[in-house]
Amino acid sequence: MNPTPSQTVGPFYGYALPFPGGGDVAPLNDGGGITVHGYVYDGASDPVPDALLEFWQAGPSGDLSGAPGTLRRDPVTGAVIGRHGLDFTGFGRVPTDADGRYALHTLPPGNGYISVCVFARGLLHHLYTRIYFGQDAFLDELPPHRRETLVAVPEREGVYRFDIHLQGEKETVFLDFG
């Protein structure tokens, strides 16, 4: 007998994992908030319309304890109805849209970066990377052309662009925590 052929994962991340307000890590009316947005691209530089991104980050003080229990459920159906929008959580989960785009509303991280986990079709294992907002000792160890794949580009006050390239010439630096 021949082995069973392997199967790729997905695309089914959008079924149960995203939730309303998943990209609102901080209250939308918080005056110190920032927006990070961008696209996820595959190895051919085409947008990935069905990726899922998870974000973890420290608060502005560097504290890693976000508010627990901010995800609300409908008391009748049990369906997730989103966050209550009052607390900084330190966690976000965002699907890409049909054009491969995502957006995250949060507060500036006190430790200088936001951790990102990427789930996408064709990936048998999720990928980890970071979004940096300035200089860091880790970045200093990388060649300049690799370093730039981890740094958010300011577009205007409080808005940053960060694209993720899964493969290819512009491939984002992915981290191994194994």
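Tutor: Let us begin with the word contact, which here means heavy atoms within 4.5 Å. Please keep in mind throughout that this is a predicted model.

Student: With that definition, which residues is T149 in contact with, leaving aside its neighbours within four places in sequence?

Tutor: T149, which sits in the loop between α2 (144-147) and β9 (153-156), is in contact with F162, K170, E171, T172 and V173 once those neighbours are left aside.

Student: Is T149 buried or exposed, and how do you know?

Tutor: The relative accessible area of T149 is 11%, and buried means under 20%, so T149 is buried.

Student: Why is the pair of R121 and D50 called a salt bridge?

Tutor: The side chains of R121 and D50 meet at 3.0 Å, N to O, and the definition asks for a nitrogen of Lys or Arg within 4 Å of a carboxyl oxygen of Asp or Glu, so the pair qualifies.

Student: How many salt bridges does the structure hold, and what is the setting of the one between E54 and R93?

Tutor: The structure holds 3 salt bridges. In the one formed by E54 and R93, the closest N and O atoms are 2.8 Å apart, and the pair links strand β2, where E54 lies, with strand β5 (residues 91-95), where R93 lies, across 39 residues. E54 is at 10% relative accessibility and R93 at 18%, so under the 20% limit each counts as buried.

Student: Why is β7 described as largely enclosed by the rest of the structure?

Tutor: The description holds because 6 of the 7 residues of β7 are buried.

Student: How do you know that β7 pairs with β2 and with β8?

Tutor: Pairing requires at least two bridges, and β7 has 6 bridges with β2, in the antiparallel sense, and 6 with β8, again antiparallel, so both pairings meet the requirement. As examples, L53 has V118 of β7 as its bridge partner, and V116 has T129 of β8.

Student: Which residues touch the most other members of the largest nonpolar core?

Tutor: Of its 25 residues, these are L53, F55, Y102, V118, I131, I164 and L166, and the elements giving two or more residues to this core are β1, β2, β6 (101-106), β7 and β8. Leaving aside neighbours within four places in sequence, V118 is in contact with L52, L53, L123, H126, L127, I164 and L166. A second, separate core of 7 residues includes L139, L150, V173 and L175.

Note on methods: Residues numbered from 1 in each chain as written. Predicted model: local features only at pLDDT ≥ 70, side-chain atom pairs only at ≥ 80, totals over all residues. Heavy atoms only, no water. Helix = DSSP H or I, 4+ residues; strand = E, 2+ residues; numbered from the N terminus. Buried < 20%, exposed > 50% of the residue type's maximum accessible area, 1.4 Å probe, protein only. Core = buried A, V, L, I, M, F, W, Y, C linked by side-chain atoms within 4.5 Å.
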